Amino acid sequence: MSAPRTLYDKIFDDHVVDRQDDGTCLLYIDRHLVHEVTSPQAFEGLRMTGRTVRHPEKTLAVVDHNVPTSKDRVNGIKNEESRIQVEALAKNAADFGVEYYSEKDRRQGIVHIIGPEQGFTLPGMTIVCGDSHTSTHGAFGALAHGIGTSEVEHVLATQTLIQRKAKNMLVQVDGQLPPGVGAKDIILAIIGEIGTAGGTGYVIEYAGEAIRSLSMEGRMTICNMSIEGGARAGLIAPDETTFAYVKDKPRAPKGAAWDMALDYWKTLKTDEGAHFDRVVRLDAAKLPPIVTWGSSPEDVVSVTGEVPDPAKIEDENKRASKYRALEYMGLTPGTKMTDVTIDRVFIGSCTNGRIEDLRQVAAVVEGKKVNPKVNAMIVPGSGLVKAQAEAEGLDRIFIEAGFDWREPGCSMCLAMNDDRLAPHERCASTSNRNFEGRQGFKGRTHLVSPAMAGAAAIAGHFVDIRDWS
Ligand SMILES: CC(C)[C@H](C(=O)O)[C@@H](O)C(=O)O
Ligand code: SF4
């Protein structure tokens with residue numbers, strides 16, 4: 001009998017092409033997603049050395065970061081820098097024979113949303129993209145992580161990647177979530193617990209009753225933010241929820257191939273007694289809705305709590321950095337989070353731009369009006385999410401409430417396109433990063449769940465969604 005292995009061990013082992021004595025491995029890569037920001041030099045490198053893309057059919061390219069989210073984008077992208085990057089990807093994809101979704105394609109969207117939608121993301125696979133939130137795809141029990149541009153070139157040319165094995169961490173979330181508390185609150189609570197460096201050197205497997213009860217959308221929200229907890233990848237073992245989501249997706253296996261795939265996918269779980277280098281436990285039943293107060297995703301507080309006082313932090317450097325965060329955010333210790341007013345709301349991103357997220361927002365805002373002091377936008381994560389939302393009439397609910405209903409893209413998750421905060425504007429955002437300047441120069445970001453963002457848009461300040469009616 002071989003030693004019991006974790007899910008991560010199994011997927012890693014199944015993809016090793018070569019292992020050196022020092023532990024350096026060459027891993028086979030099953031799927032490569034490409035976007036416009038981190039691929040131009042990679043394609044240029046291939047061109048300069050006269051190489052081709054080794055497996056174009058295992059590569060999928062899409063524009064997301066730079067595309068405007070306004071309706072008139074079909075008439076061309078006005079911002080020159082953005083247009084150049086978008087045009088470069090279109091050309092590179094055509095030259096190298098890679099399938100490409102342009103901003104005019106209804107399948108276009110954020111790279112981490114379209115992979116799963118197309119069935120390009122499947123359990124047991126190794127998946128890479130020149131983007132840190134590639135960890136999202138781990139929700140399917142795939143080993144998925146971000147890579148740098150030189151690695152993008154390496155994968156394009158060889159369909160392999162040089163890797164060292166990471167350590168195993170188990171995050172066990174037991175119990176059932178209370179009403180109004182969701183996947184976003186779980187992952188913010190985990191990051192609050194382990195810190196943004198807590199996962200460094202690990203691949204995290206999320207397990208436990210609360211994780212099992214989540215939809216694929218919720219699981220993607222969790223795995224998406226693994227990188228914010230310092231881990232390069234997060235994993236959730238595939239189960240019936242996963243298989244039901246994947247079935248009949250355009251690129252999912254069909255017929256006999258489906259049956260064979262399913263037999264394999266069912267083996268993708270951590271063996272009884274497998275070793276984890278670190279175990280973190282959380283009780284879902286005790287979780288409140290969470291809001292970040294600072295400029296790091298670990299700066300979390302319950303919505304019923306107050307802006308914390310850094311004076312209580314022992315470590316001098318940490319204390320100084322939290323004072324700086326307070327100043328940047330324009331907040332005073334002791335202020336109740338529900339007294340913090342907001343100027344903007346951003347609902348979207350690869351963390352929370354999927355159909356279930358939008359349904360949660362609709363349930364909260366239906367029949368209500370966005371606070372007149374708030375500018376609120378909803379950006380579907382993909383063209384297919386948008387079409388689904390419109391088929392369900394969610395767009396009507398949003399528009400009638402006074403939300404701006406946009407075209408798909410990364411949008412205000414990061415200030416790389418026209419959607420951005422003005423200096424000092426305060427935003428309730430469903431995205432994953434609240435770093436200084438992330439949503440615009442001097443912009444102030446508070447990370448929250450979709451339901452909490454919807455409620456904040458109506459109220460004009462943070463509210464405890466558990467009291468919402
Ligand atoms: C632009 C890209 C390289 C970046 C990432 O890697 O994550 C972006 O998607 C982000 O969320 O900051
Ligand atoms: S939505 Fe945000 S986090 Fe996701 S890929 Fe785009 S910029 Fe990165």
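**View 1. Burial and overall build of the protein chain.** In this predicted model, 53% of the 469 residues of the protein chain count as buried (20 or more other C-beta atoms, placed from the backbone, within 10 Å of a residue's own). The chain holds 16 helices and 19 strands, which are DSSP runs numbered from the N terminus: H or I of at least four residues for helices, E of at least two for strands. Its radius of gyration, taken over C-alpha atoms, is 21 Å, close to the 23 Å of the globule rule (2.2 Å times the number of residues to the power 0.38), so the chain is as compact as a globular protein of its length.

**View 2. Strand S6 and its two neighbours.** Look along residues 126–129: Thr 126 and Val 128 are buried on one side of S6, and Ile 127 and Cys 129 are buried on the other. In a regular strand, side chains alternate between the two faces of the sheet. S6 runs parallel to S3 (residues 31–34), joined by 3 bridges; pairing requires at least two DSSP bridges. Here Arg 31 has Ile 127 as its bridge partner. S6 also pairs in parallel with S7 (residues 143–146) over 4 bridges, and Val 128 is partnered by His 145.

**View 3. The surroundings of ligand 2.** Around ligand 2 sit 13 residues (C-beta atom, placed from the backbone, within 6 Å). The closest are Ser 349, Cys 350, Cys 410, Cys 413 and Leu 414.

**Reading the labels.** Residues are numbered from 1 along each chain as its sequence is written, while chains are lettered from A and ligands numbered from 1 in written order. Local features need pLDDT of at least 70 and side-chain atom pairs count only at pLDDT 80 or more, whereas totals for chains, interfaces and linings use all residues.

Methods. Buried ≥ 20, exposed ≤ 12 C-beta atoms within 10 Å, placed from the backbone.
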